Amino acid sequence: MLRVEIEGGKEFEKAVKALKKRADGSLEKWLADGAITTQSLAQQSILSRLSKGKIYERKGIQHTASAPGNPPNSDSGALVSNITVEKIKGGYDVGSRKGAPWGLFLEFGTVKMLPRPWLTHAYDKAVAQLMEYFKRAKI
């Protein structure tokens, strides 16, 4: 099984380590909220717009691919419904699951397809929101 992890910025990792030392249980809630925000933003990025890319046919149905660099267009809804949050040791994992394994290929591209990132941008936005909260709370 292939697994790819998107690691956070050093500043975010440093803030989380500091919070672990002095948090009263709030850190778990904040990380869960961040994971749910990432999931929601990723789903919204796919559902909220249609990017005009190459038109192709699959199984007799015409599809419009998103333009490279844009989140994928939703056609069957399988990717969006398979973006889930799972609790893991030390935090949470957000990604597409068994029902949509192609999410990985869309995110990073292949030798035949340029990336259509949907998770990295969502993660970056969620981390920025958490970091802003940490700063306002003087954490």
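Let me start with the lining of the second largest pocket, which by class has eleven nonpolar, seven polar and five charged residues. Please keep in mind throughout that this is a predicted model. The space in that pocket comes to about 590 Å³, and of the 23 residues that line it, the ones nearest its centre are Tyr-56, Arg-58, Asn-73, Asp-75 and Leu-106. As for secondary structure, two or more lining residues come from each of strand E1, residues 55–58, strand E2, residues 61–64, and helix H3, residues 78–81.

Staying with those two strands, the loop between E1 and E2 is where we find Lys-59, a residue that is not a glycine and yet has a positive phi of about 55°.

Let me now turn to the helices. Two packed helices are described by the angle between their axes and the distance between the axes. For helix H2, residues 26–47, and helix H5, residues 120–136, the axes come within 8 Å and cross at roughly 145°, and the crossing in which H2 passes H5 is right-handed. On the H2 side the contact is made by Trp-30, Gly-34, Thr-37, Thr-38, Leu-41 and Ala-42, while H5 brings Ala-122, Tyr-123, Lys-125, Ala-126, Gln-129, Leu-130, Tyr-133 and Phe-134. Sorted by class, the residues in this contact of H2 with H5 are nine nonpolar, four polar and one charged.

How values were computed
Residues numbered from 1 in each chain as written. Predicted model: local features only at pLDDT ≥ 70, side-chain atom pairs only at ≥ 80, totals over all residues. Heavy atoms only, no water. Axes fitted to C-alpha atoms, helices over the stretch in contact; angles between N-to-C directions. Helix = DSSP H or I, 4+ residues; strand = E, 2+ residues; numbered from the N terminus. Left-handed = near helix turned anticlockwise from the far one by under 90°. Contact = heavy atoms within 4.5 Å. Nonpolar A, V, L, I, M, F, W, Y, C, P; charged D, E, K, R; others polar. 1 Å grid on protein atoms, 1.4 Å probe; cavity = no way out; pocket = protein on both sides within 12 Å on 5 of 7 lines; lining within 4 Å. Points joined across faces, edges and corners; volume = space filled by probe spheres on them.
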